Amino acid sequence: MDAGHAAVTGTPASPDWRTEARATLVLSLPIVFTNLSQMALALTETALLGHLGTEALAGGMLAVSLYFALLAPGLGLAFAAAPLQAQVRGAGRLVGGAGRGWVRGMRRATRSALWAVGLALLPSWLLLWQTEAVLRALGQDPVLAALAQEYARAAMFGMPGFCAFVVLRGFLAAMERPAGAMWISLAAVVLNLPIAWALIFPAGLGVAGAGLALSLANWGMVIATLVLIRRDRVFRRFHLLGRAWRPQPARMREVFVVGLPIAAAMLLEIGVFSAAALAMGWFGATAVAAHAIAIQTASATFMVPMGIGQAATARVGLAAGARDAAAAARAGWVAIGLGATFMAAMAVMLVTMSPVIAWVFLNPADATAAEVAALGATLLMVAGFFQLGDGIQVVTAGALRGLKDTRVPMLFAALGYWGIGLPFGLFVAHVGGLGPMGVWVGLGVGLAIVAVLMLRRWRAVSRRELG
């Protein structure tokens, strides 16, 4: 039994299912809007690059795929802060002195996560600086690889800012006040559109302008969040960056123990979509551009269950820290139901509206736009069929993180995405003759398998803890 599981003991003293659903929605909605605003940054730049041309869109897509794959180590450790912060605060609610020192514990968890993130991103920077060489070694078109490097070298400097923002957002979620991060993210989206447009077109920076705009947005968000925390009367007393130059080895070890499996699972999931983008490169620029449309749209819908899963991490973690088994199990099941309901609706939308969605990203005057739109609409329909599985797996993973259960989900991701999904997709794409669509069929199969395995894991864990 994991340490996090063992902490979930005691007699139920929690709200009913309807009350839990309301609490989860209240917590998750600001997180969802924060995630959507993050996705809107990428969608905005994808749309702008699409109007710059098919090659610019394809090169940007390859860069983004590599960027997010190499962001995974830092982002996984940033996500590890949330369950640690939530369980510390949950323990602070205990009576009889068991929760003493939780303010100091929150500060140490936050500060240690920031240190861990910084260390994890150093190798990622080295690889991103050589994006063109990496992509050409993977068989990508030299023109697209050169464009991708322009984007990556400008965007990579924003990676620490984005991960730091995630750590601070986890602190706000653990304090059950995530709205501030939402408003900051929305402001970043509003400001990013004119800045990105100005850098891409009037300034003539092209693809590099999009990467620079992303870096500026990421650092703007973390600076604004720090100002918010510093000015808030309640948050100010935590002194989150107090003595930030002094790492806490014990706390950092805990961040790595919890966060490395999360990072590995994220790398496996993000990596399989990045590998899919590279596989699309073997079919040409049109296939990569169509993939960019499909993946950005599917990622946008994914932000909602991802936010619900992050809320589940906080809700389950708070109950685990307070040693309330019934509340922990209830919080997980409620979140899974909410995520599944939303993604079922998104599946219907993607299947029925795929041609309309595809044209949003394209310039009708482009000679290849019609071909890209047709393939993009096909990939969007395939994406529609795995929306439900994608939603279930990410919310369930969030609930398990609330119990610090991260190792087994990592193994599920390895099996589903790389052991079955990607090989099957490449097989039906090349041997089965499905082409680019076959790659997406494989992605859907992998997500469905991971969803089933995650659901079974949560069911077993929650039954064991309540039994």
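A polar contact is taken here as a pair of N or O atoms within 3.5 Å; within protein, one must be able to donate a hydrogen and the other to accept it, and residues adjacent in sequence count only if both atoms are side-chain atoms. The model is predicted, so that local features need pLDDT of at least 70 and side-chain atom pairs count only at pLDDT 80 or more, whereas totals for chains, interfaces and linings use all residues. Residues are numbered from 1 along each chain as its sequence is written, and side-chain values use heavy atoms, with hydrogens and water left out.

An automatic or database domain assignment divides the chain into domain 1 (25–247) and domain 2 (261–466). Their contact (heavy atoms within 4.5 Å) takes 50 residues from domain 1 and 48 residues from domain 2. The C-alpha centres of the two domains lie 20 Å apart.

Between domain 1 and domain 2, about 4000 Å² is buried, 74% of it from carbon and sulfur atoms; buried area is the accessible area (1.4 Å probe) that two parts lose on being put together, summed over both. In domain 1, the most area is lost to domain 2 by T54, M61 and Q87, together 14% of what that side buries.

One residue pair is in polar contact between domain 1 and domain 2 (both at pLDDT 80 or more).

On the side of domain 1 that touches domain 2, α2 (17–52), α3 (54–92) and α7 (159–174) each supply at least two residues; helices are DSSP runs (H or I, at least four residues), numbered from the N terminus. The most, 24 residues, come from α3.
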